[in-house]
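Let us walk through this structure together, one part at a time. Take a look at the sequence and the model before reading on.

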Amino acid sequence: MVSLDLDFIRAQFPVFANPESSRWAHLENAGGSYVPSQVISILEDFYTTSKVQPYWDFGPSAKAGKAMDRALELLPATFNARMDEIHFGPSTSQNTYVLAQALQSSWDPGDQIIVTNQDHEANIGAWRRLEMAGMKVIEWSVDPKTGLLDIDEVKKLINKRTRLLAVTHASNLAATINPIRELADLVHAVGGIIVTDGVSFAPHAPIDVSELGCDVYLYSTYKTFGPHVGLMYTSPEVLNRATNQGHFFNADKVSYRLTPAGPDHASIAACAGIIDYYDDVFRHHFGTTDSVKLRERITRVFKLFGEHEQKLMEPLVNYIGSHSDFRLIGSSSKDHSVRAPTIAFHSYSRSSREIYSALISASVSCGHGNFYAPRLVDAVGLDPEDGVVRLSLVHYNSVEEVARALSVLDELAS
Ligand SMILES: Cc1ncc(COP(=O)(O)O)c(C=O)c1O
């Protein structure tokens, strides 16, 4: 059986060859991941040779346009979607903001929007603000003991006036994978749509919007080994319904309708480097990419990533989940298909700040606080300032890095 060659993986990321950066065990990946040389080289080439207005016929401009087109063609496969269904915006927060503006006129005052208090604010705030336009906003609240959402609770909230359910695929703290397909079916049954925030899910497993049945799906490439771009899938129905948010003369251009600002050309081009990275991983582990479709390559690469992540998260979930001084937020399952390897926790005897400082002293990159999910931190009974400590892993992390974090926790707990 093929397993992830971690030496090969880490050799793709120049950060691990840098003496200063490489002394850190980077366990703050849910905030932002490292970038492989495949992405950096596109960015460098773009800035060196073609940092001009793209799509004219002069050399550097045509080259810039070509580099951007390559990304526009390749990235939809990460959603299992078509090119005309994906929008490249500056961030997920901005994409939800623009989408909310674009959809609000299709609803009537008194229509209902359901948001959770488990989501990152990026997938709450824009929808909550529609209250000012007369929408009724209803909260689907987590269980305060676990931080988990119970689908039976949302069944009580959904009714024939429900127009939208905004819910995370996996919270950036509770990390537990929500049953998006089931939720989509419930919302569709009353004629509503589902907007899914996949930012915390996307670095860990392949996304399939048709399998999930979502109408809108968002993620940010700076968490998936790429530059700072927000990607948004919209179904053809949603796109038809969305009013143009771009310049009036661009109204008919699908890719302009929901991205009012001029995009960061170089970053868009560099998104193709994410796929180049996946393909290099594929070739190293499975041989030639010839005759294997891109979608299949992505799926197989993520299977390797997932198996490695599973090994990384097991000892952390075991330790934190079973120690009486620690409380893990979200599911205590170690199963990668149940939770992402993002471990948010707190101690009953020490502040999160104190635990964070001890980890930093041992060169473990991490953070503490609410991570822009203050409603969740508050709901599970914590001070949103001190919040939780978060250790978030991705496939390039090593067992040794996790062991370093564990030994700090063990020392604190003893
Ligand atoms: C789950 C989740 N959703 C949304 C966001 C916001 O993404 P962006 O910074 O692209 O707006 C984040 C960022 O940390 C996140 O973790």
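Where in helix 13 does a kink of about 30 degrees lie? The kink is at Met313, shortly before the proline Pro315; the bend at a residue is the angle between axes fitted to the seven residues ending there and the seven starting there. This is a predicted model, in which local features need pLDDT of at least 70 and side-chain atom pairs pLDDT 80 or more, while totals for chains, interfaces and linings use all residues. Residues are numbered from 1 along each chain as its sequence is written.

Helix 13 covers 294-322; helices (H or I, at least four residues) and strands (E, at least two) are DSSP runs numbered from the N terminus. Its 29 residues should span 42 Å at 1.5 Å a residue, and this agrees with the 41 Å between its end C-alpha atoms; the expected span is 1.5 Å times one less than the number of residues. Among the buried residues of helix 13 are Phe302, Phe305, Leu312 and Met313, where buried stands for 20 or more other C-beta atoms, placed from the backbone, within 10 Å of the residue's own.

Now step back to the domains, whose bounds come from an automatic or database assignment. Domain 1 takes in 6-34 + 294-413, and domain 2 is 43-272. Their contact takes 33 residues from each of domain 1 and domain 2, counting residues whose C-beta atoms, placed from the backbone, lie within 7 Å. Helix 13 gives the most to the side of domain 1 that touches domain 2, with 8 residues.

How values were computed. Two residues are in contact if their C-beta atoms, placed from the backbone, lie within 7 Å. A residue is buried if 20 or more other C-beta atoms lie within 10 Å of its own, exposed if 12 or fewer, and partly exposed in between; C-beta atoms are placed from the backbone.
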